[in-house]
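Take a look at the model below.

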Amino acid sequence: MNTPAKLGAYVLGLAVIFGGALGAGSAVGSVSPPPAADGHQVHTTPSPGQAADGHGAHTETAPSQAATKTSIPGGLQMSQDGYTLTPETTTVKPGEATDFRFTVTGPDGRPVTGYQVQHDKKLHFIVVSRDLGSFQHLHPEEAGGGVWSVKLTLPGAGAYRAFADFAPEGGTGLTLGADLHAEGDYTPKALPAAGRTSTVDGYTVTLDGDLTPGASSKLTLKVSRDGKPVTDLQPYLGAYGHLVALRAGDLAYLHVHPDGEPGDGKTPAGPEITFYAEVPSRGDYRLFLDFQHEGAVRTADFTARAGELPAPAATPSPEPTATPSTSGSHGTHNH
């Protein structure tokens with residue numbers, strides 16, 4: 001066979017091979033990722049056209065599509081979706097007020113200067129101790145050029161976690177976290193025991209409702225003072241209360257949504273404040289409620305447990321094996 005004929009036969013052979021492969025692919029259909037292991041639908045990040053504060057922003061996807069995007073609780077990463085939280089300093093002196101400054105850089109590597117207003121603020125700044133015994137909800141000021149500044153006092157030596165909760169213009173809500181350290185020796189405290197009542201400055205706050213892993217849980221907090229219900233709470237951050245939930249251990253920051261808002265004609269100014277929380281797993285969580293009354297903001301705190309851990313399954317006893325009785329026997333060993 002001459003050279004042109006050989007080349008022609010080779011090209012024809014390739015066409016047959018690739019044509020067969022294409023036909024097989026069409027017959028099988030497109031390959032999609034496996035469904036989520038637990039079979040539940042997964043909440044995906046809302047598109048820019050949806051609400052940035054998370055209200056109504058969860059989109060349900062079919063199980064075969066859910067695995068294409070993994071839902072990660074907020075605050076576990078200092079960088080996400082191209083945005084990075086960058087503190088100017090991460091070590092401060094305990095007990096001293098520090099002009100703490102930080103920036104959030106965007107996908108272009110430049111400090112972000114455009115933010116959406118959420119709950120009356122462009123950015124919420126939360127600082128907690130790693131043992132979740134200390135909590136601060138701060139509101140930094142823009143110092144110019146994308147730099148944020150806030151007076152921060154860490155109460156004692158130890159490890160802390162800072163969270164920046166915000167939504168850039170044209171984007172969706174994010175919570176980025178960074179570790180901070182207060183100089184000196186310290187011993188982490190044990191997590192407070194789970195409870196339904198918290199007292200602060202003469203106020204008593206009771207918690208009704210339970211956290212259910214993987215589902216929206218209704219939590220109602222009732223505020224009273226001197227045994228009398230408080231019915232004239234003042235708006236704080238666009239609601240009669242602001243609730244932050246953090247998972248013990250890794251400090252995952254969870255979004256909690258208030259029910260109703262002041263001035264809507266149906267939300268009372270206390271004594272009850274209702275929230276809906278979504279927790280991803282079993283375990284202990286710390287809840288911090290900020291509420292305002294008579295011009296002052298106070299914080300009530302709780303430890304709540306999501307889902308009781310199941311009791312270990314009983315191991316069935318093996319069937320006894322008959323053995324000849326011998327003198328001095330120490331029983332039967334089952335292997």
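Gln292 is found in strand S21, residues 283-293. Helices (H or I, at least four residues) and strands (E, at least two) are DSSP runs, numbered from the N terminus. Is Gln292 buried or exposed? Gln292 counts as buried because its relative accessibility is 17%; buried means under 20% relative accessible area, exposed over 50%, and partly exposed in between, with a 1.4 Å probe and protein chains only. Leaving aside residues up to four places away in sequence, Gln292 touches Leu233, Gln234, Pro235, Tyr236 and Val297. A contact means heavy atoms within 4.5 Å. Asp232 is 60 residues from Gln292 in sequence, yet their C-alpha atoms are 9.5 Å apart in space.

This is a predicted model, in which local features need pLDDT of at least 70, side-chain atom pairs count only at pLDDT 80 or more, and totals for chains, interfaces and linings use all residues. Residues are numbered from 1 along each chain as its sequence is written, and side-chain values use heavy atoms, with hydrogens and water left out.

Strand S21 belongs to an open sheet of 4 strands, in the order S18-S17-S21-S22, with antiparallel pairing. Two strands pair if DSSP finds at least two bridges between them. Strand S18 (253-254) and strand S22 (296-306) are the edge strands, each pairing on one side only. S18 pairs with S17 (residues 242-247) over 2 bridges. There, Leu246 stands opposite Tyr253.

Next comes a pocket. The second largest pocket holds about 240 Å³ of space. Its lining has 15 residues, and Ser129, Asp131, Ala157, Tyr160 and Lys189 lie nearest its centre. Strand S11 (residues 158-166) gives the most to this lining, with 3 residues. A pocket is an open set of points on a 1 Å grid over the protein atoms alone, where a 1.4 Å probe fits, with protein on both sides within 12 Å along at least five of seven lines; lining residues have an atom within 4 Å of a point. The volume is the space filled by probe spheres set on the points.

Now the whole chain. It has 2 helices and 22 strands. Buried residues make up 37% of its 335 residues.

How far can the model be read? pLDDT is the predictor's confidence in each residue, from 0 to 100. The chain averages 79, and 71% of the residues score at least 70. Over residues 2-69, pLDDT stays under 50. Where pLDDT is low, the predicted coordinates should not be read in detail.
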